[in-house]
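Student: I have a model open and want to learn to read its features. Where do we start?

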Amino acid sequence: MYYDICIIGAGIVGSLIARQLSKYKVKIAVIERHVDVSMDATGANSGIVHAGYDAKPGTKKAKFNVSGCNMMPGLCDNLSVKFKKTGSFVLAFDQEGEEVLQKLYDSGIKNGVTDMAIVDKDFILQREPYVNPLVTKALYAKNAGIVSPYKLNIAAMDNAVMNGVKFLRETKVTGIEKEDGLFHISTEITGDICSISKLDRIKEEDRTDITAKIVINCAGAHADEISRMAGDDSFNIIPRRGEYILFDKTEGSRINTVLFQTPTEKGKGILVTPTVDGNLMIGPDATVADHKDDKCTNSENLDYVFKTASQTYTRLNIRKSITVFAGIRATPDTSDFIIEESKKCGNFINVAGIESPGLTAAPAIAVYVEDMVKSLMEMKEKAKDQYTMKVKHDKPFSEMTNEEKEAACKSDELCRKIICRCETVSEREIISAIYAPCGARTVDGVKRRTRAGMGRCQGGFCAPHVMRILSEHTGIAVNKIAKADADSCILGRHSRD
Ligand SMILES: Cc1cc2nc3c(=O)[nH]c(=O)nc-3n(C[C@H](O)[C@H](O)[C@H](O)COP(=O)(O)OP(=O)(O)OC[C@H]3O[C@@H](n4cnc5c(N)ncnc54)[C@H](O)[C@@H]3O)c2cc1C
């Protein structure tokens with residue numbers, strides 16, 4: 001199958017680029033090795049929209065961070081994704097820490113960050129009463145916020161697919177060759193969920209025989225391998241793991257602002273943050289991972305995360321934790337984002353080394369890459385009624401007023417069937433998630449779209465019901481319903497009728 005543009009990787013970067021380019025009259029495919037979007041770094045990070053004082057002035061990181069932060073509220077509004085402008089504190093506890101705050105403030109000014117101030121203890125404790133009272137000062141950045149990274153990623157891909165982008169799931173790029181100005185992309189099918197699902201039935205030849213004029217490498221931690229396939233070995237990616245502990249919603253209501261410690265060589269330190277969905281989260285640490293997909297957690301690291309976070313926030317109660325997880329940072333050996341047409345291979349664009357603040361920067365990166373592609377290929381915009389840059393989602397049942405709930409239940413009996421009791425998710429919401437443009441095909445896919453399984457019992461009650469609904473609507477046998485990728489089927493064998 002020929003495409004004008006092939007994007008490799010369906011994290012936030014690849015998905016927002018696909019959405020940005022989907023307004024043009026070009027044939028676009030996004031190739032993703034997993035069964036869903038957001039299954040690597042974008043699915044496991046802090047979800048902070050950074051103000052932009054932390055990145056070194058003059059770098060791409062600084063430039064795209066600040067403009068991405070400014071774009072985020074509007075983008076979230078267009079994609080019906082929650083964004084909360086919480087503001088952030090970098091907390092100092094001594095003279096040395098205060099000097100770091102001043103340096104961060106100065107680099108923020110150089111980077112063009114607005115609405116920043118160094119504030120005193122009273123201001124901090126008034127806003128956040130559970131911060132360690134030994135705090136002396138903080139850098140307050142009013143424009144920082146929080147977002148659900150995977151919901152933003154899903155909405156971006158939904159939007160791209162609505163505009164005609166082909167999303168090739170379970171398709172891993174294994175080789176790239178260029179001949180007569182055309183890329184030939186070799187792939188391997190990594191699972192059978194999309195070939196069995198009656199909602200997809202993607203033909204094998206569409207995924208195995210791919211040619212393209214322009215390739216955009218958004219493969220996260222694997223971007224150096226993809227670049228090497230195209231003959232460009234100018235950078236390496238070092239995988240660095242960060243581990244988190246997520247707490248029950250009872251804990252999330254006590255905190256309003258993102259709390260950072262002063263940054264170190266390794267990163268921004270352990271943070272304490274509310275999530276947009278009302279939980280409390282702490283993390284991440286930073287350890288070099290054994291391999292690029294090493295997302296395991298270990299008790300020693302989590303213990304470190306808990307102890308370090310407890311130094312800034314006094315109300316942490318480990319008994320209120322509901323899950324732990326880890327994400328892999330794609331740290332480049334160039335120490336800055338790599339966003340350029342390869343010097344060794346024309347029409348091959350690397351968007352690589354997008355470590356933190358990559359989530360924040362992604363909207364601005366997408367616009368920048370759009371301009372790069374326009375300089376390589378003539379693209380005409382579709383007629384205004386042929387595409388949209390907005391996605392409308394129904395209000396989650398749990399967020400409806402009593403009157404709205406009553407009306408929804410009256411008009412649709414599936415709204416009355418509550419599948420996830422912890423998060424009050426109805427059967428109708430799960431079905432809608434399955435039939436969305438980039439629909440859920442797995443238990444985790446449903447979880448990320450609807451929050452079924454995100455609550456206190458972590459799917460203990462609802463997972464079998466979610467599996468049944470997935471099976472009924474996708475036509476995938478229930479014993480083939482997977483948690484994440486195709487090799488994670490939940491049921492081992494048929495035990496009784
Ligand atoms: C611990 C941690 C905390 C972070 N916190 C923040 C934060 O608070 N704020 C912020 O702004 N940023 C944060 N970041 C950074 C942010 O998460 C990343 O910059 C962003 O998610 C990168 O998106 P991406 O699309 O480049 O990569 P990814 O989300 O990793 O996506 C890459 C995709 O490429 C696919 N792929 C790889 N190889 C192949 C192949 N051969 N064939 C097909 N597909 C392939 C992968 O499967 C994956 O889906 C954090 C990152 C981590 C790890």
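Tutor: Start with two helices in contact. E429, I430 and A433 in α14 meet V446, R449 and T450 in α15. Keep in mind that this is a predicted model.

Student: Which classes of residue make up the contact of α14 with α15?

Tutor: By class, there are 3 nonpolar, 1 polar and 2 charged residues in the contact of α14 with α15.

Student: How do the axes of α14 and α15 cross?

Tutor: Look at distance and angle together. Helix α14 covers residues 427–435, and helix α15 covers residues 443–450. Their axes come within 10 Å and cross at roughly 110 degrees. Angles of 65 to 115 degrees count as roughly perpendicular. So α14 is roughly perpendicular to α15.

Student: Is the crossing of α14 and α15 right-handed or left-handed?

Tutor: The crossing in which α14 passes α15 is right-handed.

Student: Let me try a second pair. How do α2 and α11 cross?

Tutor: Read them the way we just did. Helix α2 spans residues 60–78, and helix α11 spans residues 358–376. The axes come within 6 Å and cross at roughly 95 degrees. That angle makes α2 roughly perpendicular to α11.

Student: Which residues make the contact between α2 and α11?

Tutor: From α2, the contact takes K63, F64, N65, S67, G68, C69, M71, M72 and L75. From α11, it takes L359, T360, A361, P363, A364, I365, V367 and Y368. By class, that contact of α2 with α11 holds 12 nonpolar, 4 polar and 1 charged residues.

Student: Now strands. What holds the strands of a sheet together?

Tutor: Strands of a sheet pair through backbone hydrogen bonds, either parallel or antiparallel. Take strand β12, residues 210–217. Strand β1, residues 2–8, runs parallel to β12, and 6 bridges join them. Strand β11, residues 182–189, runs antiparallel to β12, with 3 bridges. Strand β20, residues 348–352, pairs with β12 in the parallel sense over 3 bridges.

Student: Which residue of β12 stands opposite I7?

Tutor: I216 of β12 stands opposite I7. On β20, I216 has I349 as its bridge partner.

Student: Where do the side chains of a regular strand point?

Tutor: In a regular strand the side chains alternate between the two faces of the sheet.

Student: How many of the residues of β12 are buried?

Tutor: Buried means under 20% relative accessible area. In β12, 7 of the 8 residues are buried, so the strand is largely enclosed by the rest of the structure.

Student: In what order do the strands of the open sheet with β3 run?

Tutor: The order is β3-β8-β4, 3 strands in an open sheet with antiparallel pairing. The edge strands are β3 (48–49) and β4 (83–84), and each pairs on one side only. Strand β8, residues 145–147, pairs with β4 in the antiparallel sense over 2 bridges. There, K84 stands opposite I146 in β8.

Student: Let's read single residues. Is V165 buried or exposed?

Tutor: V165 sits in the loop between α5 (149–162) and β9 (166–168). Its relative accessibility is 5%, so V165 counts as buried. Neighbours within four places in sequence aside, V165 is in contact with A18, S22, I28, V30 and A160. V165 and A29 are 136 residues apart in sequence and 5.8 Å apart in space, C-alpha to C-alpha.

Student: And where is A383?

Tutor: A383 is in the loop between α11 and α12 (402–411). At 42% relative accessibility, A383 counts as partly exposed. A383 and K23 are 360 residues apart in sequence and 8.6 Å apart in space, C-alpha to C-alpha.

Student: One more. Where does I476 lie?

Tutor: I476 lies in the segment after α16 (463–474). I476 counts as buried, at 2% relative accessibility. Leaving aside neighbours within four places in sequence, I476 is in contact with I193, I196, S197, S471 and I481. I476 and F83 are 393 residues apart in sequence and 35 Å apart in space, C-alpha to C-alpha.

Methods. Residues are numbered from 1 along each chain as its sequence is written. This is a predicted model: local features need pLDDT of at least 70, side-chain atom pairs count only at pLDDT 80 or more; totals for chains, interfaces and linings use all residues. Side-chain values use heavy atoms; hydrogens and water are left out. Axes are lines fitted to C-alpha atoms, for helices over the stretch in contact, and angles run from 0 to 180 degrees between N-to-C directions. Helices (H or I, at least four residues) and strands (E, at least two) are DSSP runs, numbered from the N terminus. Angles under 35 degrees count as roughly parallel, over 145 as roughly antiparallel, 65 to 115 as roughly perpendicular and the rest as oblique. A crossing is left-handed if the near helix is turned anticlockwise from the far one by less than a right angle, and right-handed if clockwise. Contact means heavy atoms within 4.5 Å. Ala, Val, Leu, Ile, Met, Phe, Trp, Tyr, Cys and Pro count as nonpolar, Asp, Glu, Lys and Arg as charged, and the others, Gly among them, as polar. Buried means under 20% relative accessible area, exposed over 50%, partly exposed in between (1.4 Å probe, protein chains only). Two strands pair if DSSP finds at least two bridges between them.
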